[in-house]
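Open your viewer and get ready to click along. Each stop tells you what to select and what is there.

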Amino acid sequence: MTLATIDSTFERCTEIIGDLNFPEVRRWKDEHPGGKAVAHFPVYAPVELIHACGILPVTLNGAGDRLDIQHADARFGSFICSIVKTTLEMGMTDHLAIIDGMLFSTICDSARNLCYVLKRNYPHMYLDFMHLPHNPMPGSGVVPFLAAEYKRIQDELEKLSGKKATDEGLRKSIALYNENRSLLRDLYALRAEKPEVLRTSELYALMRAGNFMPVETHNLWLVEALGELRGRTGKPRDSIRVVVEGSFCEQPPLDLIRIIEDAGCYVVDDDFIVGRRWFTEDVPETGDPLTALADSYVNRSVYSSVRHDARKPRQKELVKKVHARNARAVIMLIAKFCEPALFDYVLFKRELEAQGIPHLLLEFEEKAFTFERLRTEVETFVESLLFE
Amino acid sequence: MTEKPAAGKGAAEKPKSEYRGQIHKLQKDLMTRWYQRLEESALTGNPKSVSLLISGACVELLESFDVVPIYPEVNALQLAIRHESLEPILYAEQMGYASDNCAYVKADVGAMMLRVTPTGTKMPTPALALCNFVGCNVYTKWFEHLSEFQQTPLYMLDTPFMRTDSPRKEDVAYIVQQLHEIVKILEQITGKKFDIDRFRHAVQCSRQVEEMWSRIKRLAQNVPAPFDAYFDAITLMGPLYTYRANPKGVEFFEVALRELQEKVDRKEGVYDQERFRVVIEGPPPYPYFRSFRDMLSSWKAVSVASTYSTVGGLWEFGFRHDAENPFEAVALHMLEQNLCNRNMLQRYEQIRRYVEEWKADGLIIHFVKSCRLFSAGQGDMRDYFTRTLGIPTLYLESDIEDPRYFGEAQIKNRVDAYFEALGHAQATGAAVAHASSQAAGPSAQNLRVID
Ligand code: SF4
Ligand code: SF4
């Protein structure tokens with residue numbers, strides 16, 4: 001890949017994430033007649049199970065500003081985040097016809113209720129709800145519980161695809177996703193080390209495009225991109241290093257990420273699409289695969305606003321992240337009406353203030369398309385830090 | 001033609017709706033006693049106290065250790081009903097809570113910071129924040145925050161959400177295992193050894209209370225209904241949560257059942273002449289509790305069933321705690337037998353049964369801004385009840401806790417229009433649909449314009 005090709009890769013990724021017709025999913029379905037696609041929100045879902053049943057996992061990112069909300073407001077009313085509404089709107093405007101099923105989990109009350117509203121309105125679709133546990137303490141019986149929950153989901157997925165997932169197949173799927181996550185970890189490390197070489201908007205587009213394509217393909221793209229980027233040089237900018245926190249589920253528009261960068265920030269860590277980078281290390285590729293996945297969920301995973309883990313208070317973890325990435329400040333980038341993130345903000349704010357780490361709170365909606373006010377806020381924030 | 005409601009302005013001129021018998025006095029005594037025990041705990045450290053959530057509470061376990069539960073939700077609702085919620089909410093917003101975060105949490109946290117309690121009595125710092133997470137994700141945040149601000153240990157009692165038709169054995173096993181963990185913690189806190197017989201006794205008390213509570217709820221199937229299953233039910237819910245697992249609770253419900261049964265025997269309703277029977281979905285607008293009640297009273301409308309009265313537990317369809325298997329019983333209650341841990345479609349079914357079996361004329365959906373557990377998707381619920389089932393449905397929006405979200409005049413207009421249309425349909429003999437088999441009929445069509 002040459003520099004020209006890597007730029008075109010980023011462009012291609014940008015196109016993919018902007019297309020509401022799931023071109024890569026369609027391509028995969030054309031190549032796999034009778035193949036099914038199962039979607040989930042950008043937070044954690046056991047994609048390995050879906051994959052091992054011969055199904056294409058698809059991470060939904062709502063519809064951004066590309067679809068007018070005409071029907072979903074009447075079903076969900078005010079005070080509900082955009083991704084819930086745009087997802088429903090996509091369903092009501094046939095944009096999800098390519099999707100055969102959806103998996104939801106215990107992330108928040110709005111998304112949970114959406115699962116059941118969809119179920120009533122689309123009785124022929126496979127819609128399921130997973131209980132991802134909130135008590136990871138040893139002694140709670142959590143790992144066997146979660147392994148059993150994965151088994152239940154696996155049985156349902158097998159019914160949908162008509163294919164059995166073998167243990168060996170599951171281990172292969174785990175290996176493929178381990179590779180994917182490990183490549184993403186490498187890219188994240190590269191960006192933190194040389195933010196002038198890899199812009200966050202580029203990394204983000206590259207990662208988010210993986211939401212809609214087979215992991216095998218995405219892995220190839222990531223390997224090529226990494227190789228190419230190692231030789232790329234960039235001119236350091238006069239930017240401050242920040243961690244972005246709070247957009248784990250509903251995703252900020254790509255333009256907004258660009259604006260944050262252009263306003264003078266090197267984003268050196270973030271929690272975008274947190275489900276893609278859920279594990280801090282590889283899921284074991286030996287032993288019982290469901291137990292390996294369950295145990296990894298509980299014991300080898302990142303902190304997040306959509307789960308409780310008494311061992312890892314999120315506010316402390318965020319501070320660790322800031323120090324580990326040598327960042328100067330935090331931008332809390334929170335989707336409007338995202339209850340888990342907005343609640344967490346209280347504890348984050350308190351801890352950041354106690355630690356003397358400056359932060360800026362920004363609220364966004366994925367369906368927004370003008371960001372002038374946000375741009376000014378970031379610029380002012382950056383200036384205040386530069387001239388401190 | 002439709003009879004206009006009494007045109008009076010003051011409450012004195014409105015038809016009197018709430019029932020005041022012995023129930024009220026006894027309820028007051030019990031609640032006062034509960035607050036006294038909390039104060040005692042605050043002053044002397046004995047009895048020990050533990051924070052808990054109403055929904056699917058495992059209060060039987062606390063009872064077996066003589067531990068008194070603190071319910072932050074009760075604090076919040078008491079503040080709202082006494083018109084004291086705004087100040088703590090504003091304080092919490094200054095701390096960083098968002099304007100659209102659940103105001104129950106904001107009022108409770110704000111009051112704690114301001115050292116205000118609804119009754120003026122002292123509140124203890126709990127020995128444990130026991131988050132019985134059943135459904136509402138806000139619970140996890142609320143208790144994380146309490147634990148942080150009060151420097152109290154937190155235990156997250158993780159309850160799998162009801163996502164299958166019946167509870168799975170793995171779900172029950174997971175909860176039971178956690179309950180055993182909690183037993184160990186309670187032993188440490190209280191210095192007492194766990195006594196299975198005391199636990200069974202507590203569970204047995206709950207079983208008796210549940211039987212009576214469930215019969216009380218079924219009394220509202222009578223025409224006229226002897227009490228209002230939304231507004232009056234809240235009076236009964238206090239003892240249900242605080243004293244369910246205690247002989248005092250049993251005594252209370254014996255009296256309540258007897259009194260209400262006597263009313264039925266005398267054919268005495270909430271009003272001298274009951275005009276409308278409705279089911280109410282969603283939590284009440286506590287800051288305007290009285291006004292809202294008056295709006296319905298002025299039409300002599302009685303709620304015969306409500307989903308809110310099942311947040312603590314769902315017993316009218318047959319579930320009882322079983323003293324033979326106390327841990328499993330508590331687990332099943334948390335898992336399956338309370339509204340919050342059940343999915344939307346199970347809630348639709350519950351409401352549908354209420355409308356049919358409690359012979360209701362219509363449904364009122366109260367959308368509560370704070371509470372996404374209840375309100376996210378209620379527009380779809382309205383669609384289901386009006387379009388699919390043809391049940392006249394009124395949709396109102398306000399809040400459970402935050403007085404800033406109650407548009408009194410607008411809500412009153414909508415309530416009036418709704419009952420006027422219902423009355424019109426009754427007077428002209430048009431069938432008002434309340435059977436699931438019936439598609440949206442002409443009367444429902446007419447009524448839809450006001451939904
Ligand atoms: S953005 Fe937040 S509120 Fe919306 S579905 Fe995701 S977690 Fe829930
Ligand atoms: S969101 Fe609803 S159920 Fe949850 S704590 Fe708030 S009022 Fe209660």
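**Before you start**

Keep in mind that this is a predicted model.

**Stop 1: ligand 1**

Select ligand 1 and show the residues around it. There are 13 of them. Which come nearest to the ligand? They are Cys81(A), Cys108(A), Cys249(A), Glu250(A) and Cys338(A). Now check the classes of the shell: 11 residues are nonpolar, two are charged and none is polar.

Next, colour two helices of chain A: helix 5 (82–92) and helix 14 (339–355). Each gives the shell at least two residues. If your viewer can draw cavities, look at the space that ligand 1 takes up. This space is the second largest cavity.

**Stop 2: the sheet in chain B**

Move to chain B and switch to a cartoon view. Find the open sheet of four strands, which pair in parallel. In what order do the strands lie? The order is 2-1-3-4. Strand 2 (68–70) and strand 4 (154–158) of chain B are at the edges, and each has a pairing on one side only. Turn the view to follow the twist, which averages 30 degrees from one strand to the next.

Zoom in on strand 1 (residues 49–51) of chain B. Three bridges connect this strand to strand 2 of chain B, and the two run parallel. Select Ser51(B): opposite this residue, in strand 2 of chain B, is Ile70(B).

**Stop 3**

Most peptide bonds are trans. Here are two exceptions.

Select Asn46(B) and Pro47(B). The bond from one to the other is cis, with omega near 0 degrees. Pro47(B) belongs to the loop that links helix 1 (22–44) and strand 1 of chain B.

Then select Val223(B) and Pro224(B). They too are joined by a cis peptide bond, and omega is about 0 degrees. Look for Pro224(B) in the loop between helix 8 (196–219) and helix 9 (231–242) of chain B.

**Stop 4**

Most residues other than glycine have a negative phi.

Go back to chain A and select Phe22(A). Phi is positive here, about 50 degrees, though Phe22(A) is not a glycine. Phe22(A) sits in the loop between helix 1 (3–18) and helix 2 (23–31) of chain A. Is Phe22(A) buried or exposed? Phe22(A) counts as buried, because its relative accessibility is 4%, and the cut-off is under 20%.

End at Lys300(B), where phi is also positive, near 50 degrees. Lys300(B) lies in the loop between helix 11 (289–297) and strand 6 (301–306) of chain B. With 19% relative accessibility, Lys300(B) counts as buried.

Notes
Residues numbered from 1 in each chain as written. Chains lettered and ligands numbered in written order. Predicted model: local features only at pLDDT ≥ 70, side-chain atom pairs only at ≥ 80, totals over all residues. Heavy atoms only, no water. Pairing = 2+ DSSP bridges. Axes fitted to C-alpha atoms, helices over the stretch in contact; angles between N-to-C directions. Near = heavy atom within 4 Å. 1 Å grid on protein atoms, 1.4 Å probe; cavity = no way out; pocket = protein on both sides within 12 Å on 5 of 7 lines; lining within 4 Å. Sits in = over half its atoms within 2 Å of the grid points. Nonpolar A, V, L, I, M, F, W, Y, C, P; charged D, E, K, R; others polar. Buried < 20%, exposed > 50% of the residue type's maximum accessible area, 1.4 Å probe, protein only.
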